[in-house]
Amino acid sequence: LGLRLLGVTFLSVMTLLVKLAGERGIHVFEMMFWRHLTTVPLVLVWLGSRGNLSSLRTPRFGAHLRRAILGTVGMSLMFGSFVVLPLAEATTLNFTVPLFATILAIFMLKDRVGYWRWSALIVGFGGVLVIAQPGHGHLPLAGAALGLSGAFMIALLSILVKDLNRTDQPLTIVFWFAAMGAPMMALTLPFVMTGHDSAAWLLLFGIGVIGTLG
């Protein structure tokens with residue numbers, strides 16, 4: 001639980017940095033590229049300092065590639081919602097990730113969900129509706145679609161990560177997600193990358209470091 005709370009804290013800070021970067025005109029795809037690229041040397045330095053680079057070996061490149069593709073799409077959708085929506089509403093939509101994950105676990109992992117968890121799901125979705133207030137016009141439809149689609153994709157990824165955890169260590173999963181995701185996003189840079197001042201570079205570096213910690 002402590003690790004989970006720390007992870008959520010770091011990812012919340014990353015969300016704020018993404019919002020600030022978006023307000024400076026930095027494209028989501030460029031944010032994604034630096035988010036991925038920053039992770040690679042951080043993980044290599046950490047594992048190298050502990051003499052544990054061998055942990056990066058994996059027999060499951062196909063599973064990691066699938067996770068990288070889906071994860072990059074999901075994270076791009078989430079980043080897009082953070083840029084388009086007010087931060088409070090975007091964060092609220094992000095709260096649906098564990099709700100979607102529970103539903104997916106029922107069908108994909110055959111988890112057994114009792115009355116208490118079903119009740120929690122219903123209350124959770126109800127809470128999201130209350131905060132988002134659909135139909136009142138203050139929540140852009142495109143932004144809401146980005147947020148909910150991204151939340152669903154991240155929930156799906158949690159199932160894939162659970163499967164990868166059977167054979168690979170957490171840092172191995174983090175490394176290959178970034179190492180495979182960075183080249184994908186690099187293909188978009190000629191179309192979206194612009195010049196930045198030092199503050200913008202700090203934001204991009206912060207997104208990568210804080211995102212990796214999360």
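**View 1. Arginine 67, a buried residue without a salt bridge.** Arginine 67 is buried (under 20% relative accessible area, with a 1.4 Å probe and protein chains only), and its nearest side chain of opposite charge, aspartate 168, is 9.8 Å away. For charge, Lys and Arg count as positive and Asp and Glu as negative, with His and the chain ends not counted; a salt bridge needs a side-chain nitrogen of Lys or Arg within 4 Å of a carboxyl oxygen of Asp or Glu. This is a predicted model, where local features need pLDDT of at least 70, side-chain atom pairs count only at pLDDT 80 or more, and totals for chains, interfaces and linings use all residues. Residues are numbered from 1 along each chain as its sequence is written, and side-chain values use heavy atoms, leaving out hydrogens and water.

**View 2. The surroundings of arginine 67.** Look for the backbone oxygen of isoleucine 173, which lies 3.4 Å from a polar atom of the arginine 67 side chain. Beyond four places in sequence, arginine 67 also touches (heavy atoms within 4.5 Å) several residues, among them Leu157, Leu160, Val161 and Phe177.

**View 3. Isoleucine 103 and its contacts.** Setting aside neighbours within four places in sequence, its contacts are Leu121 and Phe125. Threonine 38 is 65 residues apart from isoleucine 103 along the chain, and their C-alpha atoms are separated by 33 Å.

Technical notes. Buried < 20%, exposed > 50% of the residue type's maximum accessible area, 1.4 Å probe, protein only. Polar contact = N/O pair within 3.5 Å; in protein donor to acceptor, adjacent residues only side chain to side chain.
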